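Here is a friendly briefing to read alongside your model. Please have the sequence and the 3D view open as you go.

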Amino acid sequence: MSLWPAPHVDVPVHATVTLPGSKSITNRALILAALADRPSTISGALRSRDTNLMIGALRAMGAGIDGAGDTLTVTPAALGGGTVDCGLAGTVMRFLPPVATLADGDVAFDGDEQARVRPLGTILDALRGLGADIDGNALPFVVRGGGGLRGGKVTIDASGSSQFVSGLLLSAARFDEGVVVHHTGKALPSMPHIEMTVEMLRRADVAVESPADSRKAQTWTVTPGPIRAVDWDVEPDLSNATPFLAAAAVTGGEVRIPHWPRITTQPGDVIREILVRMGAEVSRFDGVITVRGPERLAGIDIDLHDVGELTPTVAALAALADSPSWLRGIAHLRGHETDRLAALSTEINRLGGNVTETEDGLEITPAPLHAGTWHSYADHRMATAGAILGLRVPGIEIEDIGTTAKTLPGFVSLWERMLDPTFSDQGAAH
C-alpha cells in the first residue's frame, strides 16, 4: 500500500492555481463531436484517466480522435463493434451504452472491479425499452448494436444518478424517434449536470424540451435530427478547484484561480456560496476568483442534493470548523465511486473526528484530529479531502493518492506547488 504524506502547513497558504479543463464538459463534448455531422475541435480538453477512457472507447467504436494534448480533433465515422474499458468512470459506463446502440456490431463493456457493483440497470433497461438488445444488467455487459435505435418514450427512476438522464439525452437525436425521458421516483440528484447536458445539446442545434422548473423536473424530450459540429472550448474543472479554494479557507490564506467562468452549468460553482456561508471572503474580478480564509471557520447546515460531488470537500471543511455541520440530501452518494457517506464518516472518525451518518447525509461535530492513514477507496474526491485535512493536521498519510488522476492528473505537483512560497504568486502549471 503506497502512502503519500499529506503536506502540513503552519502558515496561511497564498497561491494562484491554474487548473485544467472540466471532465464533465470534456466527456460530453467528445460524445457530441463523435456523433456530429462533420469534424470538430475540442480546446482545453481535460486529459485524465476518465477522459482518456472515453477517448479510447469512442476510438474503439470507430470515431477518429487526434491530438496528444488538450486540443483534440474529432472526426465522426460510422460506428462499429468494439470493446469498451469503463475503468471507474460513470460517464463512460452510463453515457456510452446509448452510443453503442448506434454501432453496427457488438460492443462489450467492462471496467475496474469496483465498477462492477455500480448501478447500471436503469440505463440498460431504458435502452431495452427503446428497442436495444443488451446482454447483462451490470458490468460486464454487451450491447448488440444494430446500426440504430428506434427510440421513443421511456420512464425511468433516475434518483440514483443524473447520469442516467444525461446518457439518454446525449445520443437521442440520432435515434429514429428521438426520445422522451420521464423520470419517476425521488428527486433527481445533481440537476446542474443535466442542465449542462441540455445546454451543450442546444449549442449543437439539437432540439431539447426540458422542465421549466428544475425542482419539479420530470420529462425531457429530444427531437431526432443531426447533431451540428461545434468547436468546443472547455471551462476549467470547478469541482477540481474546490480543494485548492478550501486550502485558503482552512489556513486563513488566499488562493486565486484564473479563467473562472462568469456563467456556468458546472456544480462546482456553488463552492463560492458554501465558502461564504462558512466565513470566507470570495470575490471574482477579470475572470479570477479569489478566496480569503477566515480566522475561524464556521459550520454549515446545507442541502447538497444538487451538488453532491462537493460533499468530500465540504465534509473536510466541516471537520476543521469550530461549530457543527449538517450535510443533507446526499443519500445518492452511497452509489458513487464508493459509498462516500460511509467512507467519509469512517475516515474522519479514524482520525479522531465525530461524524454520524444520517439517512440522507452526515452530521459532523468538530473534534481534535490526529495523525493517521486516510484511505481513498479508489475515489479521487476522497483522496483530495484527505489532502485538505492534512494541511491542518500533521501526520496524515493518504493511501493511493494516484487515484486523483481519474479527473486531475498531476494533483500532487499542483498541491505541493501551491504550498511552495517560491511559486505562490506566480501561478501553477497546467
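This is a predicted model: local features need pLDDT of at least 70, side-chain atom pairs count only at pLDDT 80 or more; totals for chains, interfaces and linings use all residues.

Residues are numbered from 1 along each chain as its sequence is written, and side-chain values use heavy atoms, with hydrogens and water left out.

**Confidence**

- The average pLDDT (the predictor's confidence in each residue, from 0 to 100) is 94 for the chain, and 97% of the residues score at least 70.
- Residues 425-430 have a pLDDT below 50, and this stretch makes 13 contacts in the model beyond near neighbours in sequence; a contact means heavy atoms within 4.5 Å.

**Nonpolar cores**

- A nonpolar core is a set of buried Ala, Val, Leu, Ile, Met, Phe, Trp, Tyr and Cys residues joined through side-chain atoms within 4.5 Å. Buried means under 20% relative accessible area, exposed over 50%, and partly exposed in between (1.4 Å probe, protein chains only).
- The largest nonpolar core has 80 residues, and Leu 58, Leu 96, Phe 109 and Leu 169 touch the most other members.
- Helix α1 (residues 23-34) gives this core its largest share, 7 residues. Helices (H or I, at least four residues) and strands (E, at least two) are DSSP runs, numbered from the N terminus.
- A second, separate core of 70 residues has Val 13, Leu 238, Phe 244 and Ala 316 among its members.
- Leaving aside residues up to four places away in sequence, Phe 109 touches residues including Val 84, Leu 96, Leu 139, Pro 140 and Phe 141.
- In soluble globular proteins, nonpolar side chains tend to be buried together.

**Pockets**

- On a 1 Å grid over the protein atoms alone, a cavity is a set of points where a 1.4 Å probe fits but cannot get out, and a pocket is an open set with protein on both sides within 12 Å along at least five of seven lines; lining residues have an atom within 4 Å of a point.
- Grid points are joined across faces, edges and corners, and a volume is the space filled by probe spheres set on the points.
- The volume of the largest pocket is about 620 Å³. Its lining has 31 residues, and Gly 21, Gly 44, Val 234, Glu 235 and Pro 236 are the closest to the centre.
- Helix α6 gives the most to this lining, with 4 residues.
- By class, the lining of the largest pocket holds 15 nonpolar, 9 polar and 7 charged residues. Here Ala, Val, Leu, Ile, Met, Phe, Trp, Tyr, Cys and Pro count as nonpolar, Asp, Glu, Lys and Arg as charged, and the others, Gly among them, as polar.
- The second largest pocket has about 220 Å³ of volume, and its lining includes Lys 186, His 305, His 332, Glu 359 and Asp 360.

**Cavities**

- The whole structure holds 2 cavities of 30 Å³ or more.
- The largest cavity contains about 360 Å³ of space. Of its 30 lining residues, Lys 23, Gln 163, His 193, Glu 309 and His 336 lie nearest the centre.
- The lining of the largest cavity divides into 3 nonpolar, 17 polar and 10 charged residues.
- The second largest cavity has a volume of about 100 Å³, and 13 residues line it, with Ser 239, Asn 240, Pro 243, Arg 381 and Thr 384 nearest its centre.
- Helix α7 supplies the largest share of the second cavity's lining, 4 residues.

**Residues to look at**

- Thr 197 sits in helix α6 and counts as buried because its relative accessibility is 0%. Not counting residues up to four places away in sequence, Thr 197 touches Arg 28, Ser 166, Leu 169 and Leu 170.
- The peptide bond from Leu 139 to Pro 140 is cis, with omega near -5°, and Pro 140 lies in the loop between β8 (134-135) and β9 (141-146).
- Asp 286 has a positive phi, near 55°, in the loop between β16 (281-285) and β17 (288-292). Asp 286 counts as exposed because its relative accessibility is 69%.
- Asp 400 also has a positive phi, of about 60°, and is partly exposed, with a relative accessible area of 27%.
- Most residues other than glycine have a negative phi, and most peptide bonds are trans.
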